[in-house]
Amino acid sequence: MFKDGYIYFARTGEGLPDKVCLRPDMANRHGFICGATGTGKTITLKVLAESFSDMGVPVFLADVKGDLSGMIEAGADSEDMIERKKRFGLEEDGFSYKTYPTAFFDIFGEKGIPLRTTISEMGPQLMASVLDLNDTQTDILSVVYKIADDQELLLTDTKDLKAILSYVSENASDFELDYGHIAKQSVAAIVRAVVALESEGGDIFFGEPAFNVSDFFVTDISGRGTINILDSSSLINKPRLYSAFMLYLLSELFEIMPEVGDMEKPRIVFFFDEAHLLFDSASDDLLQKIEQMIKLIRSKGVGVYFVTQSPGDIPDGVMSQLGNKVQHALRAYTPKEQKVIKAAAESFRAPEGFDTEKILSELGTGEAVVSVLDEDGVPGLACHAFILPPQSKMGQASEAEKEKVIKGSNLYLKYNTPTDPESAYEFLERRKSELKKQEEELKAQEEAEKQQMKAEKEAEKAKLKAQKEALKEAEKKQKELEKSVKSVATTAGGTVGRELGNLLGSTFGGSFGKRLGGNLGASLGRNILGTLFKH
């Protein structure tokens, strides 16, 4: 409840005479709600969230079990509630059942307004944490982001990231001089991690339109802060994606919100359920960044409250920044758990005679050891407190009412339909298509030139063959002509020679002279005439 300018959320002491209140001006000093399963953490969260809303402060919280949707419906009397109201004296304090302004969100867009961000907005360090990369792979991912920035390539979704990784890997030698060595094996490992993230829903979470965190800073017409509920019933089974979103929110708030110093009340309060998921796989560098954000985000008017089973789930550097503490029961069944209880007890300022360790192990459901900051920011003495009941409905709201709230929101119209803008994937695919087209055209041109050269070569070969055949035919005809001429010349020469021989034989007389003259004349005639005809 918000009463008399204070967040009234519990009573303490014999007969519950004393109110336990959180000062609004100390609410942005952060805090935690811890306790074993079934000890009442969810009710405490709900009561605090309602109180912040009544105070005019928007709230963001993760609903892991689906129990918080009942805020859109008013609570109702039951035997237990009537007894609790009487016990706490709530009717005298103006307690009444009521609904609260609520917005429902879901990364997968199934049970609420879709929440998305882009690969570029996530940044290389957070993305490396989400992908569980080692130091070398983280450095390479940072280089890939730098290349995308230098080439003005927008990284919107996971297909953009895979496209730029593939592009960098294929052209690693071209980038080496300006960006250093880029091992293809490391790039391949990053791609595998991206594919694994897609299987958890990363392909849905990363995209446009990206959610603007300023849309959480909404109040209703009466001035009450909107309670923004992230349905995490499915998301909690995908721890990398859950931690990615929560870390992104912290980082985004840290980046965009201006310094405001100390305020009368926070500008917004965040409750991070299953807080151990934020820290389990975080690198040392990331833990340092989270600790820095927790330290500095207070001066930006943001209160952060971690909800988890054990205070040991929260790193010491972060725990030291949490001034408001609500510690529900811790169960000790092992020596290790006993040490956890002892450590939790030692984190409280105990009044004289207050056995914090014993009380922590004996607390019932709805009871807690509480310590809040006083007006000077000093942790108050621990007290055994009993948490007030919520004013809205305990448990889940009806699906019909929830659906009505979701689709009646202006944010539903703004974010429900995903878009796919021109980004790295489209640009690189177009470039790849253009390069492929150029390669095909060059290949076709080379093939045409090759065919032309082949045709010219075949034509030249045919021409040479024809010339050779023509020459051969000419030589054949010449030989035939020579043979014919030689035959004619020989015959003619022989005839002339015989006539000459007859003439000589008649001149010299006698058969011998005639015979000698005929042979000599025939021989001379054949040779002389044959030679003449030949040439």
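**Glu152 lies in the loop that joins H5 to H6, and its backbone has a positive phi.** This is a predicted model, in which local features need pLDDT of at least 70 and side-chain atom pairs count only at pLDDT 80 or more, while totals for chains, interfaces and linings use all residues. Residues are numbered from 1 along each chain as its sequence is written, and side-chain values use heavy atoms, with hydrogens and water left out. The helices (H or I, at least four residues) and strands (E, at least two) named in these legends are DSSP runs numbered from the N terminus. Phi of Glu152, a residue other than glycine, is near 55°.

**His30 and Asn324 are in contact with each other, and His30 has a positive phi.** His30 belongs to the loop between strand E3 (18-22) and strand E4 (31-34), and its phi, near 70°, is positive although the residue is not glycine. At 1% relative accessibility His30 counts as buried, and Asn324, found in strand E11 (residues 324-327), is likewise buried, with a relative accessible area of 4%. When the neighbours within four places in sequence are left aside, the contacts of Asn324 (heavy atoms within 4.5 Å) include Leu22, Met26, Ala27, Arg29, His30, Gly31 and Phe32. Tyr305, Ser371, Val372 and Leu373 are also in contact with Asn324.

**Phe211, Phe216 and Phe270 take part in aromatic pairs.** A search of the whole structure finds 20 aromatic pairs (rings of Phe, Tyr and Trp, the last by its six-membered ring, with centres within 6.5 Å; stacked if the planes are under 30 degrees apart, edge-to-face if over 60 and tilted for the rest). One of them joins Phe211 to Phe216 in a tilted arrangement, with 4.7 Å from centre to centre and 40° between the planes; Phe211 and Phe216 are both buried. Phe216 also pairs with Phe270, and here the ring centres are 6.3 Å apart and the planes stand at 80°, so this pair is edge-to-face. Because Phe216 sits in the loop between helix H9 (202-205) and strand E8 (227-231) and Phe270 in strand E9 (residues 268-273), the pair ties together parts that are 54 residues apart in sequence. Phe270, like Phe216, is buried. The loop between H9 and E8 also holds Pro209, and the peptide bond that leads from Glu208 to Pro209 is cis, with omega near 0°.

**Helix H6 (residues 158-170) packs against helix H8 (residues 184-199).** The two axes (lines fitted to C-alpha atoms, for helices over the stretch in contact, with angles from 0 to 180 degrees between N-to-C directions) are 10 Å apart and form an angle of about 170°. H6 and H8 are therefore roughly antiparallel to each other (over 145 degrees; under 35 would be roughly parallel, 65 to 115 roughly perpendicular and the rest oblique). On the H6 side the contact involves Thr158, Lys159, Leu161, Lys162, Leu165 and Ser169. These residues meet Lys184, Val187, Ile190, Val191, Val194, Val195 and Glu198 in H8.

**Val168 is a buried residue of helix H6.** Its relative accessibility is 0%, and, apart from neighbours within four places in sequence, Val168 is in contact with Val144, Ile147, Phe175 and Ile182. The C-alpha atom of Val168 is separated by 9.5 Å from that of Ala148, a residue 20 positions away along the chain.

**Helix H4 (residues 124-131) is mostly covered.** Six of the eight residues of H4 are buried, namely Leu126, Met127, Ala128, Ser129, Val130 and Leu131. These buried residues pack against several helices, which are helix H3 (119-122), helix H5 (135-150), H8, helix H10 (239-256) and helix H12 (284-297). Directly after H4 comes Asp132, whose phi is positive, near 60°.

**Ser232 is buried in the loop between E8 and H10.** The relative accessibility of Ser232 is 0%. Leaving aside neighbours within four places in sequence, Ser232 is in contact with Ala62, Asp63, Val64 and Tyr242. The C-alpha atoms of Ser232 and Leu330, which are 98 residues apart along the chain, are separated by 24 Å.

Technical notes: Buried < 20%, exposed > 50% of the residue type's maximum accessible area, 1.4 Å probe, protein only.
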